[in-house]
Amino acid sequence: MGIKGLSKVVGDNAPAGSKENDIKNYFGRKVAIDASMSIYQFLIAVRQQDGMQLTNEAGETTSHLMGVFYRTIRMVENGIKPVYVFDGKPPTLKSDELKKRGERRAEAEVSAAAAQEEGDNENFDKFSRRTVKVTKEHNEECRRLLKLMGIPYVEAPSEAEAQCAALARAGKVYAAGSEDMDTLTFGAPVLLRHLTFSEARKMPIAEMNLEKTLEGLGMDMDQFIDMCILLGCDYCDSIKGIGPGRAVSLIKEHGSLEKVVASLDTKKYPIPENWPYKEARELFRNPDVLDPETVELKWDTPDEEGLVEFMVTEKNFNEDRVRKAVQKLAKHLTTATQGRLDSFFKVMPKDPLTATKRKAEDDGDKKGKKKTPAKGGNKGAGRPRK
Amino acid sequence: MLEARMTQAATLKKLLDAIKELVTDANFDCNDAGINLQAMDNSHVALVAFLLRAQGFEHYRCDRNHSLGISLASLTKILKCAGNDDVVTLKSEEDGDLLSLVFESPNQDRVSEYDLKLMDIDSEHLGIPETEYDAVVKLSSSEFQRICRDLSVLSESVIIDCSKDGIKFSASGDIGSGSVKLKQGASVDDNADTSTTIELKQAVTLTFSLKYLSNFTKATPLSDTVTLSMSGEVPLLVEYKVSDVGYIRYYLAPKIGDDNA
């Protein structure tokens, strides 16, 4: 899933690239959400006290519906307009990775069954979470739910992250919402993480800014993609012995993956036999996506009766709660939304004088606190000069 | 270096009270023309900008442009140590990391000195285009404060309707609705200076958040009048003059009806 250790690399090398924000600060923003990823999360995280998934009377899982329903409403309540993007056919390069995931899941299933036999609840819980798989039916039900809620969704031809990134790049939405760091590698200008987390976790939204990240790393987009491939992506293996630190310095030193490969001591760092890094790079640069211009996003009023029929009658949700939630949703979709100043006034380029001075200072203190993790957030924006 | 001497500490205190609710840290940009500040609130809905002109100070010297990153809460704390009639002198070296404040009592028998640590603040600076507004309304600042306070009881937002004969503020919410209309030329306290004047090119109707407007009215002690400048679908400009030293301006993005776009 995503790029190995990328968030740490960004945190260490380009602290300006990520900041934390309250969900409230995103009102009026449209966000493209990686649906498959979120559904997967909900299936894992939304559980009963005994660790079992939520089900209706017939024993069908409803955790994903619970998640999509309430977390979407939470976003809408905070003035965010979500659009969900569903995965299409995975790229052929991903088949190895998918096979591995399948194997891991099978192993977990065996372990889960064993743990259940032994009555080891803790381990059963642990392993059963690893057996989770998003099925076609799950996706289908979520689509139906979203349609009833009046929330638009998009079918990506291939990877959902790539489609989210394309929508954000074209200005159709403000940001891509995913936990997958490779959304950045696909060129999303802004990536929001933790957007679909439960309110109870009080997790602030982590906003990753591609431009600032590249600036902080001192790389261009192509070098950034190369670095991500070195770190390890879903599409090809990484080189043994090259971790985050070395990946960054190698790309910085040599400028491109070809030159890195040419200069590597292959005895020390054996390059995997079948290493289609060029194809992977191509996939990141020009992923298979729908032309964002042809995508029309429309938020409709929710169909209350339809939702009650689906959620209450079919899925055994509590009628009162569903009705209340739908009314909340309808209210927030129709009231006037607060505009944002940055859509009227443009951000000015920084005064070069003060900017250079700042940079010099930044370099100075980076040495001192290289080890400390970057603290994002608005509070981190101002730090004592000494 | 910067050296600025101001005869009334009260002006600085009021100015700070007027912005500290909206922003927590801000850069004070100093150049030979005066001291500038521009900062947006966290959610990027409102912006505050003020200018203190060099001529407004008793003594002002700024050799090179530099910006002072200041925690407004800290500066407020230090200004609390000054009497309202004290003479304040601000001093800062170009590459220093301190702002020195000297407070002298009017009869010069008490002199206190404070140093405030500066911060590095990474802020975005917005370019604000010069705008010809469709409606420019000048009214009593205390009246505006009262309207905002009164209508906050009813709703989170207020609709401002400006036509030739007057300006109408209305709000409606769960418990009911209400409105206040001020007629052109009328004065609420028989003071000609605070009478309502309207310059109108075109009637406008806009919706704004009362929470922010109430926040702006923290600047009321700075001036008897306030100017509201409006055009359709652009941010509202609320301006208070700061005696003869400069001004403080607030910009507020309007609430936009859902067009599903």
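In chain A, strand β2 (residues 30–34) and strand β5 (residues 175–177) run parallel and are joined by 3 bridges, strands being DSSP runs of E with at least two residues and helices runs of H or I with at least four, both numbered from the N terminus. Within this pair, A:A32 stands opposite A:A176 of β5(A). The model is predicted, so that local features need pLDDT of at least 70 and side-chain atom pairs count only at pLDDT 80 or more, whereas totals for chains, interfaces and linings use all residues. Residues are numbered from 1 along each chain as its sequence is written, chains are lettered from A and ligands numbered from 1 in the order in which they are written, and side-chain values use heavy atoms, with hydrogens and water left out.

Both strands belong to an open sheet of 7 strands in chain A, with mixed pairing and the order β1-β7-β6-β5-β2-β3-β4, where pairing requires at least two DSSP bridges between two strands. From one strand to the next, the twist averages 25 degrees.

Helix α4 (residues 95–118) and helix α5 (residues 121–130) of chain A pack at an angle of about 155 degrees, with their axes 8 Å apart; axes are lines fitted to C-alpha atoms, for helices over the stretch in contact, and angles run from 0 to 180 degrees between N-to-C directions. The helices α4(A) and α5(A) are therefore roughly antiparallel to each other, a term applied to angles over 145 degrees. In the contact (heavy atoms within 4.5 Å), A:R105, A:A108, A:S111, A:A112, A:A115 and A:Q116 of α4(A) meet A:N123, A:F124, A:F127, A:S128 and A:R130 of α5(A).

Conventions: Angles under 35 degrees count as roughly parallel, over 145 as roughly antiparallel, 65 to 115 as roughly perpendicular and the rest as oblique.
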